[in-house]
Amino acid sequence: MALSQIETDLLVIGGGSTGAGVAWDAALRGLHVTLVDRGDLATGTTGRFHGLLHSGGRYVVKDPSSARECASENLILRRVAADCIEDTGGLFVTTPVDDPAYADRFVEGCGAADIPVEEITVGAALAREPRLNPRISRAFVVPDASIDAWKTVWACVRGATARGAKVLPYHQVMSLTMTADAVTGAYLRDARSGEQLRVRARCTVNAAGAWSRRVAELAGCEVGVVPGKGIMIAMNHRVVNTVVNRCTMPGDGDIIVPIRTVSVIGTTDIPVSDPDHIDPTREEIAEMMEAGEALVPGFSQGRALRVWAGARPLFPKTTGKQVSDTREVTRSHSVLDHEALDGVGNFLTITGGKFTTFRLMAKDALDLAARKLDLSAECTTATVPLPDSESKRFYWIGARQEEMEHEAPDDPLICECELVSRGDLQAALARRSDWQLDDLRRALRIGMGPCQGGFCAFRVAATLHRDGQYDRLAANHALGAFVEERWKGVKLISWGDQLRQTRLDQWIFQGILDVEHLPK
Amino acid sequence: MSTEALAPFEVRSSLDHCIKCTVCESSCPVAAVTPLFPGPKTVGPQAERFRAGDHSPDLSVDYCSGCGICTRVCPQGVRIAEINSRARAEMKVERGIPMRDQILARPGYMGKAGRPVAPLFNWALANPVVRLLGERIVGVHRKAPVPLAASRSFSYWAGRRRRFLAPRRVVYFHGCSTQHFEPEVGKKVVAVLEHNGFQVLIPKQDCCGLPLQSNGIFGAARRYVERLATQLSVPGTEGLPVIASSTSCGLMLKKEALEILGVEDGHLAEISKRTYDLFEFLLELHERGELRTDFQPVPLTVAYHAPCQQQNQLIGKPALDLLRLVPALRLVEMDRLCCGIAGTYGTKREKYDIAMRVGEPLFADIKTASPDLVACDSETCRWQIAKATGVTAVHPLEVLYRAYGGS
Ligand SMILES: Cc1cc2nc3c(=O)[nH]c(=O)nc-3n(C[C@H](O)[C@H](O)[C@H](O)COP(=O)(O)OP(=O)(O)OC[C@H]3O[C@@H](n4cnc5c(N)ncnc54)[C@H](O)[C@@H]3O)c2cc1C
């Protein structure tokens, strides 16, 4: 059988924020782009991050150049990606366990990095966030915000697709095709069908994040990226509505981000060798819950919903040194031109960086790629708004509730926790034909709420079956896999309320539906 | 006496206990009769996760009647009704409070305004043309039950009577309806308590703010209840039991002011712990062998309905237990959750039909029992039941009063 072939100007490997940003920028510059990911979009680090659109405040003392980048990108993203951002604002507070001297260095650093900062009284901070530790001694307001990874990535991809880009989720790069001195494209494998596919590209960008070392190796190049593992715990509701940071040198569990319906505490930072094996441990979880107490007394009594870990693509700019403490590695990014470094043409790697700086990362990568492709078009991503952000209105937490209030009362809720109606589900199904149950979770947030799929997973599987998307066996299989995957996220935090929920869910899935023994 | 009230943030945090079992939704009397109210779980612990900051996303929570059954039946301890009341208040702050609700929320004004011209006032309230205008202009349903103004207030009577002195003393919290509309109830409460050897102290008192609270007017409600707490703790009454004959106003003091309004007033927290529902107090006396049981036969059939606000005190049905001691009384327990009125809810133009549908099973049961009287501890429920069934509805205290030989 003949291999399917794709001809493209630019092959982008990795569908996280970086790759999606590259695709969007390139499409705006008029390039034909092909974006591939081994899984669904944003299932790498991007889908597992903390959700913070940094003001830069966190890095003003430790990593000033990264702080400056964050500060300017924060301003730009507020203009072009408003629909993905909730303007929560941020607070830096000096808790009783923090060095009080740090606050002055912090203010100075904010000044140097052009970050607007305003000190407010402890009373004002408590009025704004009543659950904050009343024993804080100082409080500063900065323009932190929360940003939705999936919305951002899809918006980039939708914008790129509308300009002719081809997007291939579930397509892993198995090998790179090369001439003696250049990369010419890649062989892909469709993870769902097993089919092979060939892409011919004039230029290839490795945006595989913590996996970029492995992708670079396919071309015989070395990328000294160090995966830095961090865990996060989502609490069942928002204990704060402002991002709260401890005013201290970056450490573990010192930020709570209110994002969508939850508040997420994080994080940790330890170097790991394999970004695919980063399960959180019980010790890390206990440490995180305990750390929350410094910011919000009673934090550890709340209902933990889910725990997960991500791997930062950390790129030490000073090479050759052994990395033992990943906190010491800069959060700035690097574009590696493998022609200059390894004699391999038409191939670059963009790595390091942060979600907050994805646009700038894409720009820097594209500026180099454009030179290689003799393209004069300039970057316009700082001024062209992403799809759905044209109105420049920020997202707000009540949006779904408000929408539901205006929906027909006979459109029942499929997912009660995240307020997804049958109409919403059917609209999503009409948009795309190859949905997996878990893709719908990311697209609609089905199964992300307190019941973790207990009440919606079977409804969605049944809808997919009724609509002909799944045959009987496939629906059974998908349901089993979904439940299994959700269980992974809760088993380590199953105590109190969430344990009670899990028991009820298990009665539904094992007792009533007997999912484990369904024919698959 | 109440179970420990939660701090305001704990009321919100109680949403964490929700496992979506849906027990509340299947017990909600409002959701059962109208699609306009999606149910207590939906607007409660579910929607609460989407609320933050200054902009309210809500609409349908306005159809919650505030009966509180959801909180009572929740097996996990979610303060559903309290969460909903607060959300309703936020919503009203944002969307504005109709003049109608401002009026309904201040029954004292009505009572005071009506008293000097009671005959005229009462005629007007009974006049269909006036009521139609009231519905069109103000939004109070023309058929909704409204109380009639008394020509003399309860405090007028209380201030002019001879004092009964006794070593055991209680403070009587009579509430607005006794003051303005049903002073007879108050007189009989005093008689029954004195018959049992209590000196009844009746400090000057104003509205507890409950109707304001249930209409989402929290600022004024807080001021009212704090003022009342001060009034009820005049010097010389320290530590005395506070007896409430209006069961919903009693609940306000015991719990709702703390959990829904988040009042942190020290007086209130202290008084709240020694506030008793009238029959709760009498039953406790009886259990200690201190209640006089010199009852005479009352050869009547009485249908007893326990109102939601009394049930939400988690004290059982003490009136039922006590009236069972009365000889010759045929007592029929109405096993229904709600009469629909929920304070002022069922008087509103857009909610009247809903309230009537909620009460329908109760009304039908009452008709089947064809009693001489209906007994119910809450005034607004009595007015609703009497209006809907045509049967006279009284406070259970009035039956007890008869049993003690009063007439
Ligand atoms: C715990 C934690 C918290 C964080 N919090 C924040 C925060 O609050 N704010 C912030 O700005 N930043 C934060 N970051 C950093 C940020 O998440 C990352 O820098 C960013 O998401 C990286 O995006 P990426 O696209 O480069 O990598 P990824 O999102 O990992 O994308 C790489 C993609 O490449 C794909 N891939 C790998 N191999 C192949 C292959 N062979 N073929 C095809 N595809 C392949 C992977 O599937 C993956 O989807 C956090 C990071 C961590 C770990």
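Helices here are DSSP runs of H or I, at least four residues long, numbered from the N terminus. Helix α13 of chain A is one of them, covering residues 457-466. A:G468 follows α13(A) and has a positive phi, near 80°. The model is predicted. The points below cover that helix, the domains of chain A, the cysteines, and the aromatic rings.

**Helix α13 of chain A**

- Five names make up its buried set: A:A457, A:V460, A:A461, A:T463 and A:L464.
- Viewed down the axis of α13(A), these buried residues fall within an arc of 160°, so they line one face of the helix.
- Several elements of chain A cover the buried residues of α13(A), among them the strand β21 (413-415) and the helix α11 (422-431).
- The cover also includes α12 (437-444), α14 (472-491) and α15 (496-512) of chain A.

**Domains of chain A**

- The domain assignment gives chain A a domain 1 made of 81-146 + 226-314, and a domain 2 spanning 399-517.
- The C-alpha centres of domain 1 and domain 2 of chain A are 29 Å apart.
- Domain 1 of chain A puts 13 residues into the contact, and domain 2 of chain A puts in 18 residues.

**Cysteines**

- Over all chains, the structure has zero disulfides.
- A disulfide needs two cysteine sulfur atoms within 2.5 Å.
- For A:C456, the closest cysteine sulfur is in A:C415, at 4.4 Å, so the two are too far apart for a bond.
- A:C456 is buried because its relative accessibility is 2%.
- For B:C338, the closest cysteine sulfur belongs to B:C308, at 3.6 Å, which is again too far for a bond.
- B:C338 has a relative accessible area of 6% and is therefore buried.

- B:C18 sits in the loop between α1 (8-13) and α2 (23-27) of chain B.
- B:C18 counts as buried because its relative accessibility is 12%.
- B:C18 and B:C74 are 56 residues apart along the chain, and their C-alpha atoms are separated by 8.7 Å.
- Leaving out residues up to four places away in sequence, B:C18 touches A:R303 and A:Q501 in chain A.

**Aromatic pairs**

- There are 11 aromatic pairs over all chains.
- One of them joins A:F106 and A:F140 in a tilted pair, 5.5 Å centre to centre with 55° between the planes.
- A:F106 lies in helix α3 (residues 102-112) of chain A and A:F140 in strand β7 (residues 138-142) of chain A, so the pair ties together parts that are 34 residues apart in sequence.
- A:F106 and A:F140 are both buried.
- The rings of B:F295 and B:Y404 are also tilted, because their planes meet at 40°, and their centres are 5.1 Å apart.
- This pair links distant parts of chain B, 109 residues apart: B:F295 is in the loop between α17 (278-287) and β5 (301-305), and B:Y404 is in the segment after α22 (396-403).
- B:F295 has a relative accessible area of 12%, so this residue is buried.
- B:Y404 is buried too, at 12% relative accessibility.
- A:F49, A:F355 and A:F358 are linked into a cluster by ring pairs.

**Charges over rings**

- In chain A, A:R432 lies over the face of A:W435, 4.4 Å from the ring centre.
- In chain B, the charged end of B:R227 sits over the ring of B:Y224, 4.6 Å from its centre.

Definitions and conventions. Residues numbered from 1 in each chain as written. Chains lettered and ligands numbered in written order. Predicted model: local features only at pLDDT ≥ 70, side-chain atom pairs only at ≥ 80, totals over all residues. Heavy atoms only, no water. Buried < 20%, exposed > 50% of the residue type's maximum accessible area, 1.4 Å probe, protein only. Phe/Tyr/Trp six-rings, centres within 6.5 Å; stacked < 30°, edge-to-face > 60°. Helix = DSSP H or I, 4+ residues; strand = E, 2+ residues; numbered from the N terminus. Lys NZ or Arg CZ within 6 Å of the ring centre and 35° of its normal. Arc of directions from axis to C-beta. Contact = heavy atoms within 4.5 Å. Domains from an automatic or database assignment.
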